[in-house]
Amino acid sequence: MGMTDVLIVGAGPTGLVLACDLARRGAAVRIVDRSPAPPRTSRAKGPNPRSLEILDDLGVAEEVLAAGSAPLPMLKYRDRRPVAEADPWADSAPSPDARYDRGWLIAQWRLEGILRDRLAGYGVRVEPGREVVGLAQGRNEDDRSDAGDGCDGGDGEQHVDVTYADGQTGRARYVVGCDGAHSSVRKLLGITFEGTTAEDQVMVCGDVDLAEGVLDRSRWHQWFDEDGAVMLCPIPGTRTGWWFQAGPERDGRGRPLAPTADGFRRLLAHHTALPGQDLTRAELLSTYRVNVRMADRFRAGRVLLAGDAAHVHAIAGGLGMNTGIQDAFNLGWKLGLVLAGHADAELLDTYEEERLPVAARTLDLTSERLRATLEAIRRPGGGLDAAITPDTTGLGVGYRWSSLAAGGRAPGAGQPGPRAGDRAPDAPCADAATGERTRLHRVFAGPRTTVLGFGPGSAAVLRETADAYGGDAGVRVCRVYAAHEDRAGAEPGAVVDDEGHAAAAYGTGASGVTGAGTVVVVRPDHHVGVLAPADDARSVREYLRRLHGTGRSAERSPGMVDAVR
């Protein structure tokens, strides 16, 4: 087989998001999975607000929203009687800087199907029944940065040789293990997976059918008793399907029993007022143990780890799949720029630099939410709403410590607006040419770095950037006009901040009118790289050079401006 740019091992949400992101950048991608058919697992209940932003960037959010449902209020029972109801989202609403204020319920297999369809649109299909059993890196195997390694394809020696269980082989410039908690890729690399498995904290799960009409499908029902629990949440897009989670049955010595359909019926009859025979079907049965583990590194040469292959944590707060999707979105653009020859391969070191601390914090957060939930359900009326906090939206995750957050001057303490490393806020605005409604995250969408200019003083740095990087170099410029500014001769793709939300979100309101203005470099994953006064062209230039090389020479194509779609 010929050389592929990136081999992705594992076709769950993490691997599929990474494959979609790389494929739309024009990278040659293969994605393999050891399962002979797409796995139908009963685990993740859906994307959180930050993951919805990523799915929106990939062009599938509308489909995901249509296939799922909003999160449901939780009805809690004790001794078979309803005792409390909670809607953790009752007081939340979309805001100008965040379109999605809550996660979304969708079966994981349904989400994976949507992502597989999107990937097929790029001509890439998951290769099922392919298990990786061997990895051998070309030279510089232990060189973590591989700087100047000819990763644009000029150097044929840099690669990973891959062996499959059926004896076939392949070759890739990079391999990413997205193959779950029992990752073969991680084991083949010999990377340790330190942490604990709580053998006593066990839950049985499955997808079940209940007789029609026996339970209200507008609620997530939760029975918490002193001797166990049953939770039933309706599966969107089905008439009678429910997610079933429960404390396990135990044998005479207190050891948890494996889940079975009859066991689920006994648990249902014991904790709820429903007869066991109301449960007509049970499948995708599994046992979940609280695992809190993390790889000690996410990169070994040309092989990287993402999602559960790199970290697993308590289920509380629903951050497992979401952390993996966000890993993939951090890694995809970096691999894309390295493969295209714009950035040095040491850019890939920033993946671990940024995501490993996030994984560590997520382990702590989910363990704390699990503790709070276990505490809450001891009291009548307590339930899973204890696991949901603003921290679980993912919108607050940033990388202020990163070497990619070093550009420009940060706003002083107490000043509004994001700092380098933070998520770049969204804001509603209007297209300067057509007046059509749009928003900044729509401007950012697609695999490019965006340079925003606020205030008249930003025109020069935007023009310089467009001259150097316009066209196919992966950088777009966007002038953000205040409502009162003269827009005659506005560049294609410019927007009007007609309601002032962009100025408020980026803290440019005070200086944007009379001062030099502000320039913001937004990475392809919607994080701020540079936030600087518009006369600090050097910070912008140096930052873009690190990600995109020197660009093209200004003489070859003067005055080109990258239109924003």
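Q: Which residues does Thr393 touch, not counting residues up to four places away in sequence?
A: In this predicted model, Thr393 is found in the loop between helix 8 (349-376) and strand 17 (428-431). Leaving out residues up to four places away in sequence, the residues that Thr393 touches are Asn48, Pro49 and Arg50.

Q: Is Thr393 buried or exposed?
A: The relative accessible area of Thr393 is 19%, and the cut-off for a buried residue is under 20%. Because 19% falls under that cut-off, Thr393 counts as buried.

Q: Which residues of helix 7 make the contact with helix 2, and how do the residues of the contact divide?
A: The crossing of these two helices, helix 2 and helix 7, is left-handed. On the side of helix 2 the contact is made by Arg50, Ser51, Ile54 and Asp57, and on the side of helix 7 by Asn322, Ile325, Gln326 and Phe329. By kind, the residues of this contact of helix 2 with helix 7 divide into three nonpolar, three polar and two charged.

Q: How many residues apart in sequence are Thr14 and Asp327?
A: Thr14 lies in helix 1 (residues 13-24), and at 10% relative accessibility it counts as buried. Setting aside residues up to four places away in sequence, Thr14 touches Cys178, Ala306, Gly307, Gly324, Ile325 and Ala328. From C-alpha to C-alpha, Thr14 and Asp327 are 7.5 Å apart in space, while their separation in sequence is 313 residues.

Q: What is the order of the strands in the open sheet of seven strands?
A: The edge strands of this sheet, each pairing on one side only, are strand 18 (437-439) and strand 23 (528-533). Neighbouring strands are turned against each other by 30° on average, direction ignored. The pairing in the sheet is mixed, and the order of its strands is 18-17-21-20-19-22-23.

Q: Which residue of strand 20 stands opposite Leu452?
A: Strand 19 (residues 449-454) is joined to strand 20 (residues 475-482) by six bridges, and the two strands pair in the parallel sense. Within strand 20, the residue standing opposite Leu452 is Cys478.

Q: What do the buried residues of helix 10 pack against?
A: Helix 10 (residues 459-469) packs on the sheet, where it touches strand 19, strand 20 and strand 22 (518-522), and its direction makes about 160° with that of strand 20. The buried residues of helix 10 are Val461, Leu462, Thr465, Ala466, Asp467, Ala468 and Tyr469. These buried residues pack against strand 19, strand 20, strand 22 and helix 13 (537-548).

Q: Which residues form the covered face of strand 7?
A: Strand 7 (residues 160-164) runs antiparallel to strand 6 (residues 132-137), with five bridges between them, and the bridge partner of Leu135 in strand 7 is Val162. The uncovered face of strand 7 is made of Asp161 and Thr163. Its covered face is formed by Val160, Val162 and Tyr164.

Q: Which residue in the turn between strand 7 and strand 8 has a positive phi?
A: Strand 7 and strand 8 (residues 169-177) run antiparallel and are joined by four bridges, with Thr163 having Thr169 of strand 8 as its bridge partner. Together strand 7 and strand 8 form a hairpin with four residues between them. In the turn, the residue with a positive phi, of about 95°, is Gly167.

Q: Is Asp79 buried or exposed?
A: Asp79 lies in the loop between strand 3 (74-78) and strand 4 (81-86), and it has a positive phi of about 50° although it is not a glycine. Its relative accessibility is 51%, and because the cut-off for this class is over 50%, Asp79 counts as exposed.

Q: What is the relative accessibility of Leu284?
A: Leu284, found in strand 13 (residues 279-295), has a positive phi of about 55° although it is not a glycine. Leu284 counts as partly exposed, its relative accessibility being 24%.

Note on methods. Residues numbered from 1 in each chain as written. Predicted model: local features only at pLDDT ≥ 70, side-chain atom pairs only at ≥ 80, totals over all residues. Heavy atoms only, no water. Pairing = 2+ DSSP bridges. Axes fitted to C-alpha atoms, helices over the stretch in contact; angles between N-to-C directions. Contact = heavy atoms within 4.5 Å. Left-handed = near helix turned anticlockwise from the far one by under 90°. Nonpolar A, V, L, I, M, F, W, Y, C, P; charged D, E, K, R; others polar. Buried < 20%, exposed > 50% of the residue type's maximum accessible area, 1.4 Å probe, protein only.
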